Amino acid sequence: MLPLDELRDRLMRRSCPKATRDAVWTELVKRARSEGATWTLACTGMALPALVSTARWLTSRYPGDPFDVQAEVLAGFIGAIATVDIDRPQVLPRLRWAAYRAGMAALFEALDAPTPVPPGFRSTPPAPPWGHPDLVLARAVREGVLTRTEADLIGSTRLEDVPVGRWAADHQVTVASAYKARQRAERHLTDYLRQPADPGDSTDPVADHVAAELSRPPAEQASQQVVNLRSRARTEQTKKVARAVSKKDSDSGLLQCGRSTPDRPETESSEVPRCA
C-alpha cells in the first residue's frame with residue numbers, strides 16, 4: 001500500500017518502466033469509473049504535473065481569463081477518463097492529450113472572438129456601412145420629409161421584399177396608386193439625402209453614406225461591392241493567420257503556472273494527429 005503522492009513521485013522517475021505506469025493508470029481509471037468522484041479526484045491529483053504543464057503553455061497564449069482555459073483543460077481530462085481505452089498502452093499521455101485538445105479548442109475560440117478596441121473598451125464608431133436603412137426612414141419622418149405611410153411603403157416593399165400589390169391590398173389602395181406614392185416618396189427622400197449635412201448633426205454618418213451610394217453610378221456600386229467582398233475575405237483570412245495575444249500576470253493560472261512559458265508539450269503519441 002502506497003500513499004498517492006508517493007506513488008506519483010515514483011511514477012515520475014525516469015527509472016520507472018512504462019509498463020508499470022500503464023498498469024497503475026489502468027487501475028486508477030478503473031476505480032474512477034466504478035467508484036466515481038473520489039477516484040476521479042485521485043486521478044486528477046496523480047496527473048497534476050502533466051495538467052499544470054499543459055495549462056501553463058496554453059494560458060501563456062490565452063487572451064482572456066486564464067481560469068477559463070484551465071477549466072477546459074480539466075474538463076477535457078475528466079471527460080477522457082470515461083472514454084480512454086485502457087487496453088492500449090500510454091494511458092496517461094492519451095489523457096493528457098485529451099486535456100490539451102480541449103484547452104486548445106478554447107484558445108482558438110478566444111482568438112477568433114472580436115478584439116476590443118483600445119483604449120478602455122469604450123464604444124467606438126461602427127464599421128461601414130453604418131446603421132440600418134430604417135434609421136434613415138425614421139429620421140426622414142421625424143423631419144417631415146416623409147409621412148409614416150410613405151416610410152412604411154418604402155421599408156416594406158424595398159427592404160422587406162413585400163410585393164407592392166400585397167401592400168396596396170393591405171392598405172386598401174390601388175396598385176397604381178401605391179407605385180405612384182412610392183415613386184414620389186423616394187424622390188423626396190433622395191432630394192433630402194443629397195442636401196448638405198446639417199452642422200448640428202455632423203456626427204451622423206448614416207445619411208452621408210446613403211447619399212453617396214445613391215449618387216454613385218450603378219456600375220461603380222457593383223464594383224465597390226466586389227471590392228468590399230474581397231476586402232472582407234482578406235480580413236477574415238488575416239484574422240486566422242495572425243492574432244494579437246495579451247500577456248498574463250505571472251501569478252495567474254493553475255498553481256501559479258503562468259510564471260514562465262515552457263516548451264511545447266512532449267511529443268504526441270501515435271494516436272494524436274500532427275495538426276493537434
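Q: How many helices and strands does the protein chain have?
A: The protein chain has 12 helices and zero strands, where helices (H or I, at least four residues) and strands (E, at least two) are DSSP runs numbered from the N terminus. This is a predicted model, in which local features need pLDDT of at least 70 and side-chain atom pairs count only at pLDDT 80 or more, while totals for chains, interfaces and linings use all residues. Residues are numbered from 1 along each chain as its sequence is written, and side-chain values use heavy atoms, with hydrogens and water left out.

Q: OK, what span does α2 reach?
A: Helix α2, residues 18–35, has 18 residues and reaches 25 Å from its first C-alpha to its last, close to the 26 Å expected at 1.5 Å a residue, the expected span being 1.5 Å times one less than the number of residues.

Q: And which residues of α2 are buried?
A: They are Asp22, Val24, Trp25, Thr26, Leu28, Val29 and Ala32, buried meaning under 20% relative accessible area (1.4 Å probe, protein chains only).

Q: What does Trp25 touch?
A: Not counting residues up to four places away in sequence, Trp25 touches Leu11, Cys43, Met46, Ala47, Phe77, Val91, Leu92 and Leu95, with contact meaning heavy atoms within 4.5 Å.

Q: Switching topic, which residues touch the most other members of the largest nonpolar core?
A: Of its 35 residues, Trp25, Val29, Leu58, Phe77 and Leu95 do; such a core is a set of buried Ala, Val, Leu, Ile, Met, Phe, Trp, Tyr and Cys residues joined through side-chain atoms within 4.5 Å.

Q: Which helix gives the most to this core?
A: That is α6, with 11 residues.

Technical notes:
Buried means under 20% relative accessible area, exposed over 50%, partly exposed in between (1.4 Å probe, protein chains only).
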